[in-house]
Amino acid sequence: MRRRTMGSLAAVAVAASSLAVGCRNDPAAGTAAGEDRAATRQVRVAPTRVGTLPRVVTVSGTLAAEDQVALGMKVAGRLSEIAVDLGSRVARGQALARLVSTDFELRVSQAQAALQQARSRLGLAPGAADDVVDPDETPLVRQARAVLNEARLGLDRVHRLMDDQLVSRAQVDAAEAAFAVAEGRYQDAQEEILNRQAVLAQRRTELELARQQLTDSVLHAPFEGAVRERHASPGQFVAAGEPVVTLVRVHPLRLRLAVPERDSAGLRAGQEVRLTVEGDERPRTGRVARLSPAITETSRTLMVEAEVPNPDGALRPGAFASAQIVTTADQPVILVPASSIITFAGIEKVLVVVDGKTVEKRVRTGRRAESQVEILEGLEAGEDVVVEPGDLAGGQAVAVVD
């Protein structure tokens, strides 16, 4: 009995020894162990955190000039000079074009001569600046008054002689008629002086008009801006009001935005607008200046205008712009690193580590701020997400490293 027990123990020992030797010599067993160790990936994680981002309304629009006007001459004439061309920057009041001034200068001289003639008829000195005159002191009225006084005295004499029956009735009637004629001429002289005063005022107005036409023969810029288009050339005859150049004000610019009705409730004048334009990635800022009082029924949008500073003239009217209207400055949101977002077939997800393995979570993202992305749905604050997951999939074993 004892010998059978000892034999059994020896057999077990030999079998165990043989199994150990077999395992050491089996290459397949070693490979499986190595694959188990390699399946555990080392990853870095970052916690989701609560941060602040501005709430914005993202829209696109078009930059427009603050003012744009087709400038023309107020008077007709032949162009002698155009001092600007396409793209020329001009200051307010700068001369843009001139007409041949000969005709206008002659009209000024003609009006000056007519004015001097009117002054002379009123007895005003040539060099006097005052046009005020006392009608009773003019030669015409003084002469008529003298005739009237003479007629009055003659009538008085005839009446006295008539009382003494020294003159006939016919002589009395003649004296009375002479007095009536003299009185009428005196009134006519006074009215003539008033008429000459009116003519003097008319001549002075004509002189001012001629001088104004001479001034209007030069086209001036009504505001600071740039020439968008030149419509005429020197030597061309232009009618009054015919466009010569088109001028636009490029500082500031108007950004016209059509905001969807669902996003229009929080818009207010004075809110910040951040924008970029095609071909210029530099961020620009402006302010909401005007809001339409009504929603456009056909497109269900609200027209909004923002003022965008453009002192260097780098922005051009007509350019397409992408804009964000900041409706709330600081709003608490959940943020994750942008490198943790996996996008496939339009679906966004992240990987979190649970019990040493990765777990996929589908998320909905919002705004981006530098290297951070807003999470609208799918994660809570404090959860650890895998940074730069690469080809890592859900369910894989991972080891978190710093």
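User: What should I know before we start?
Analyst: This is a predicted model, where local features need pLDDT of at least 70, side-chain atom pairs count only at pLDDT 80 or more, and totals for chains, interfaces and linings use all residues. Residues are numbered from 1 along each chain as its sequence is written, and side-chain values use heavy atoms, with hydrogens and water left out.

User: Why is Q271 called buried?
Analyst: Buried means under 20% relative accessible area, exposed over 50%, and partly exposed in between, using a 1.4 Å probe and protein chains only. Q271 has a relative accessible area of 11%, so Q271 is buried. You will find Q271 in the loop between β9 (243–260) and β10.

User: Which residues is Q271 in contact with?
Analyst: Contact means heavy atoms within 4.5 Å. Leaving aside neighbours within four places in sequence, Q271 is in contact with G266, G286, R287, V288, I325, V326 and T327.

User: What makes A345 and E388 exposed?
Analyst: A345 has a relative accessible area of 71%, so A345 is exposed. E388 has 56%, so E388 is exposed too. A345 sits in the loop between β14 (342–344) and β15 (347–354), while E388 lies in the loop between β19 (384–387) and β20 (398–400). Neither is a glycine, yet A345 has a positive phi of about 55° and E388 one of about 50°.

User: How do you know that β3 and β5 pair?
Analyst: Strands here are DSSP runs of E with at least two residues, numbered from the N terminus. Two strands pair if DSSP finds at least two bridges between them. Three bridges join β3 (residues 77–82) to β5 (residues 95–99), so by this definition they pair. The two run antiparallel, and E81 stands opposite R98 in β5.

User: Why do β6 and β8 stand at the edges of their sheet?
Analyst: Four strands form an open sheet in the order β6-β5-β3-β8, with antiparallel pairing. β6 (218–220) and β8 (237–238) each have a single partner strand, so one side of each is left without a neighbour in the sheet.

User: What makes a lining residue of the largest pocket nonpolar, polar or charged?
Analyst: Ala, Val, Leu, Ile, Met, Phe, Trp, Tyr, Cys and Pro count as nonpolar, Asp, Glu, Lys and Arg as charged, and the others, Gly among them, as polar. By class, the lining of the largest pocket has seven nonpolar, four polar and five charged residues.
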